[in-house]
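Subject: Structure handover

Hello,

Here is the structure I said I would pass on. My notes on what was found follow it.

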Amino acid sequence: MEGAAPTGYNAVRMTEEWFELDADPAHVAREREKARALRKTAWWQRRVQRGLCAWCGRKVPARELTMDHVVPVARGGRSVKGNVVASCKDCNTRKKLMTPADQLMMKPVHPPSED
Ligand SMILES: [Zn+2]
């Protein structure tokens, strides 16, 4: 590695860097901790057992669903029931490749308020 300019275009890495632009580290640490606790609640377990991706509405195995923040934590979003949805792997990947503005405009098929 002699410090040459990178030849590849790493979209995921780029968006992660955008995300760090104005993230408050204390907020991010606190909300990640809260997300861990929220994953253990009966409410979240019920969501996952439904097996529905909030973004595309597809039925997927419970083990393939991950907790996704509608407003990302790095953009000031919080780990509360009103801001987290179950997401399939495809949607999670798709969202990571979007710009922060595109991500904020994504509308879940199954909104967090549904229960
Ligand atoms: Zn999906």
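Confidence in the protein chain is lowest in helix 1 (residues 11-20), where the mean pLDDT is 56, and highest in strand 2, at 96. This is a predicted model, and where pLDDT is low, the predicted coordinates should not be read in detail. For the protein chain overall, the mean pLDDT is 84, with 79% of its residues reaching 70 or more.

On the fold: the protein chain has 5 helices and 2 strands. Read from the N terminus, the order of elements is α-α-α-β-β-α-α. Among contacts in the protein chain with a separation of 6 or more, 68% are between residues 24 or more positions apart. Of its 115 residues, 16% count as buried.

The strands come next. Strand 1 (residues 66-69) and strand 2 run antiparallel and are joined by 4 bridges. Met 67 has Ala 86 in strand 2 as its bridge partner. Strand 2 covers residues 84-87. Val 84 and Ala 86 point one way from this strand, Val 85 and Ser 87 point the other way, and all are buried.

Several of these residues return in the core. The largest nonpolar core has 10 residues: Leu 52, Cys 53, Ala 54, Trp 55, Leu 65, Val 84, Val 85, Ala 86, Cys 88 and Cys 91. Strand 2 gives the most to this core, with 3 residues. What does Trp 55 touch, not counting residues up to four places away in sequence? The residues are Ser 87, Cys 91, Met 106, Pro 108 and Val 109. Of these, Cys 91 is also listed in the core.

Ala 23 lies in the loop between helix 1 and helix 2 (25-39). Is Ala 23 buried, partly exposed or exposed? Ala 23 counts as partly exposed because it has 15 C-beta neighbours inside 10 Å, and a buried residue needs 20 or more while an exposed one has 12 or fewer. Leaving aside neighbours within four places in sequence, Ala 23 is in contact with Val 28 and Ala 74. Ala 23 and Val 73 are 50 residues apart in sequence, and the C-alpha to C-alpha distance between Ala 23 and Val 73 is 8.1 Å.

Regards

How values were computed. Residues numbered from 1 in each chain as written. Predicted model: local features only at pLDDT ≥ 70, side-chain atom pairs only at ≥ 80, totals over all residues. Contact = placed C-beta atoms within 7 Å. Pairing = 2+ DSSP bridges. Core = buried A, V, L, I, M, F, W, Y, C linked by C-beta atoms within 7 Å. pLDDT = per-residue confidence, 0-100.
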